Amino acid sequence: MSALDPTTPSAPKWAGRAWRPFALTLPALLLLAAVIGYPLLTIVLRSLSEPQWGAQNYVWFFGTPVNLTVLQRTFVISAWVTLVCIICAYPYAYLMTAVGPRVRLALVLCVLIPFWVSGVVRTLSWVILLQDSGVINSLLRSAGFDGVRLIRTQTGVVIGMAQVLLPFMILPLYSVMKGIDLRLMRAAQSLGARPSRAFFTIYLPLSLPGVYAGAIIVFILALGFYITPALLGGPRSTMLSTLVQTQVLSLLQWGRGGAMGVVLLVATFVLLALAAPVMRSRYREAGRR
Amino acid sequence: MNPRAENRGAAIDLAKVSKAYGNFKALDGVSLRIEPGEFMTLLGPSGSGKTTTLNVIAGFTDVTSGSLLVGEKSVVGVPAHKRNIGVVFQHYALFPHMTVGRNVAYPLALRGIAGAERERRVRQALDMVKMADFSHRFPSELSGGQQQRVALARAIVFDPPLLLMDEPLGALDKKLREWLQLEIKRIHRELGTTFVYVTHDQEEALVLSDRIAVFNRGGIEQIGTGRELYDEPATLFVGKFIGDSTVLRGDAATSGGETAIEISGQKVVTARRLANGGRPVMLLRPEKLALARRGAADEGRNRLAGRIGEAIYLGSGSKYEVDLADGSKAIVRSTLEAQSFAIGDEVDLLFSGSDVKLLADDDQADLTLT
């Protein structure tokens with residue numbers, strides 16, 4: 001307001017109240033604090049205070065080999081799921097940018113429909129498909145091949161999780177790819193690049209921000225997956241969330257369960273921090289300078 | 001840049017080139033010979049086939065029929081990346097994830113040119129477009145004009161014998177466009193490469209070109225220098241597309257060496273004959289028309305009565321739109337300071353019969369509607 005800031009008499013009325021737009025985010029912030037902040041704080045506190053104050057839960061976690069094996073496996077499975085999602089989603093998202101609006105709508109629906117079906121139902125349908133007497137194995141046998149063991153294996157878990165998480169890879173990829181000017185490919189060809197070279201030097205680098213965004217979302221969601229690995233996996237594909245569930249619900253060891261959660265959270269942050277420099281797209285950085 | 005060998009550009013020969021999309025003929029039997037080192041402009045309204053022709057030469061579009069020679073070799077069926085032709089696009093098409101220097105180095109890298117030689121040629125190309133200081137910038141940090149100069153450098157850095165430009169200045173403002181036109185002319189002179197330039201802007205075509213091919217409805221109406229097209233348009237379409245023109249229609253009668261046309265009761269006599277005997281129209285250039293106050297004596301010239309409909313002061317003179325009795329409009333350019341008219345003034349339109357072009361009437365040529 002002019003009385004407060006005489007040097008800018010033309011400043012709009014709300015100029016002195018720049019906090020106002022931020023006030024609109026208040027409900028969301030309060031909700032986040034209530035449903036994320038408070039429980040997280042509780043978990044950290046309980047991991048340090050149960051059964052008594054101290055680091056005993058963390059000492060236990062890192063002193064028990066099975067925990068470390070499962071932690072490592074959780075990251076490995078999540079990485080595989082992310083890779084499978086990238087491989088499946090990339091051509092799909094590209095197709096979405098290349099087709100007409102009607103086919104695109106159909107493709108978007110194919111991505112979104114799984115969202116409307118509960119994860120449990122989807123996982124159970126994978127059980128039907130993957131089990132030893134399931135559809136895939138019956139088909140293989142009737143075609144004269146040996147059956148393959150899919151259910152209760154790591155492969156089965158990766159397949160199931162990748163299917164559930166695929167939309168989280170396709171959508172960010174699509175949103176980046178649809179912004180890529182395909183005329184750049186034509187320009188590259190006029191400069192002497194055969195189509196494959198043009199793809200690897202122009203299209204792929206420009207689509208990487210979408211790959212990174214999708215990979216981060218899928219990877220983080222995969223780390224915390226519970227139902228799919230529990231139903232499709234066996235003892236050799238247990239993920240950390242299953243161990244947490246056992247500690248908390250079966251053994252009522254809230255402290256140990258909390259410590260596991262905190263370790264997973266910290267490990268994720270460390271990994272993201274390590275990956276960040278690679279993912280930062282340099283040309284956008286430069287554009288901002 | 002060092003003075004390069006003269007005529008190092010490639011000749012282009014299109015013969016009866018057609019391109020059909022279903023029932024629509026984007027190109028209908030286009031034949032065009034472009035000489036080595038020539039600056040040829042393909043001029044026409046949108047959808048006339050000029051960009052399709054460019055895309056055919058570049059290899060982005062296949063031909064349905066006809067032959068296409070670049071540098072005396074057939075390139076039909078040769079993919080774009082093997083044609084070694086530079087292309088500059090209206091939308092710049094710089095790679096946003098590469099610096100200016102890497103953009104310009106891209107075609108060199110594809111040709112296995114590396115190290116000091118690559119550096120030298122990138123530098124040379126950027127010098128030519130006066131962008132050498134911007135080598136480390138990203139395209140997003142440049143203005144439109146700067147981006148287009150970088151795109152030009154990228155298209156000439158690998159020494160193609162032919163450079164295609166598709167409305168390269170279309171997205172820029174007028175002042176910048178005029179300056180870049182002169183830059184492109186200079187670069188063409190220095191390189192000696194064949195340039196094929198697509199535009200819908202006839203002024204731009206006149207500024208730049210050695211010769212102009214006027215496109216209409218998938219075919220070429222006329223090929224010639226700017227002066228030829230302006231002074232001796234072969235068709236009414238060309239006459240109307242190049243420069244301002246006044247078109248008059250009426251009943252014609254040819255006798256002896258003269259053609260007389262009756263326009264709203266007044267007879268206009270020209271020294272020309274209409275060759276094909278069709279229904280003729282008269283085409284007059286604005287500087288060949290004079291205005292006089294109604295009734296002022298000036299015998300021996302053709303005279304049509306009209307009223308000033310619009311008066312535009314241009315600085316170097318004035319432009320008038322004169323409404324004639326039959327409803328048509330005449331465009332007159334006057335550089336006489338002493339003579340000035342206001343809207344509504346009753347005037348006589350004066351012109352010499354030898355300045356009238358007689359052309360076959362062509363209903364398609366109604367450019368005034370677009």
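## Chain A: helices throughout

Chain A has 14 helices and zero strands. Here helices are DSSP runs of H or I with at least four residues, strands are DSSP runs of E with at least two, and both are numbered from the N terminus. Reading along the sequence, you get the pattern α-α-α-α-α-α-α-α-α-α-α-α-α-α. Chain A has a radius of gyration of 24 Å, well over the 19 Å that the globule rule gives for 289 residues, so it is more spread out than a compact globule. (That radius is taken over C-alpha atoms, and the rule is 2.2 Å times the number of residues to the power 0.38.) Along its principal axes, the C-alpha trace of chain A spans about 75 × 65 × 35 Å.

Of the 289 residues in chain A, 28% are buried. A residue counts as buried if 20 or more other C-beta atoms lie within 10 Å of its own, exposed if 12 or fewer, and partly exposed in between, with C-beta atoms placed from the backbone. As for contacts in chain A with a separation of 6 or more, 70% of them come from residues 24 or more positions apart. Two residues are in contact if their C-beta atoms, placed from the backbone, lie within 7 Å.

## A word on the model

This is a predicted model, where local features need pLDDT of at least 70, side-chain atom pairs count only at pLDDT 80 or more, and totals for chains, interfaces and linings use all residues. Residues are numbered from 1 along each chain as its sequence is written, while chains are lettered from A and ligands numbered from 1 in the order in which they are written.

Over in chain B, four strands make an open sheet in the order 2-1-4-5, with antiparallel pairing. (Strands pair if DSSP finds at least two bridges between them.) Strand 2 (24-34) and strand 5 (73-74) of chain B are the edge strands, each pairing on one side only. Strand 1 (residues 12-21) and strand 2 of chain B are joined by seven bridges in the antiparallel sense.

Helix 1 (residues 50-58) of chain B has nine of its nine residues buried, so it is largely enclosed by the rest of the structure. Among the buried ones are B:Lys50, B:Leu54 and B:Ile57. After helix 1 of chain B comes B:Gly59, with a positive phi near 95 degrees.

## Two nonpolar cores

A nonpolar core is a set of buried Ala, Val, Leu, Ile, Met, Phe, Trp, Tyr and Cys residues joined through C-beta atoms within 7 Å. The largest has 99 residues, and B:Ala153, B:Leu164 and B:Val196 have the most contacts inside it. Helix 4 (residues 144-156) of chain B gives the most to this core, namely six residues. A second, separate core has 42 residues, including A:Leu71 and A:Ile151.

Leaving out residues up to four places away in sequence, B:Val196 touches B:Ile34, B:Met40, B:Leu42, B:Leu54, B:Ile57, B:Leu162 and B:Leu164.

## Where the chains meet

Chain B puts 22 residues into the contact and chain A puts in 17 residues. On the side of chain B that touches chain A, helix 2 (residues 100-110) of chain B gives the most, with three residues. That side of chain B divides into 14 nonpolar, five polar and three charged residues. For these classes, Ala, Val, Leu, Ile, Met, Phe, Trp, Tyr, Cys and Pro count as nonpolar, Asp, Glu, Lys and Arg as charged, and the others, Gly among them, as polar.
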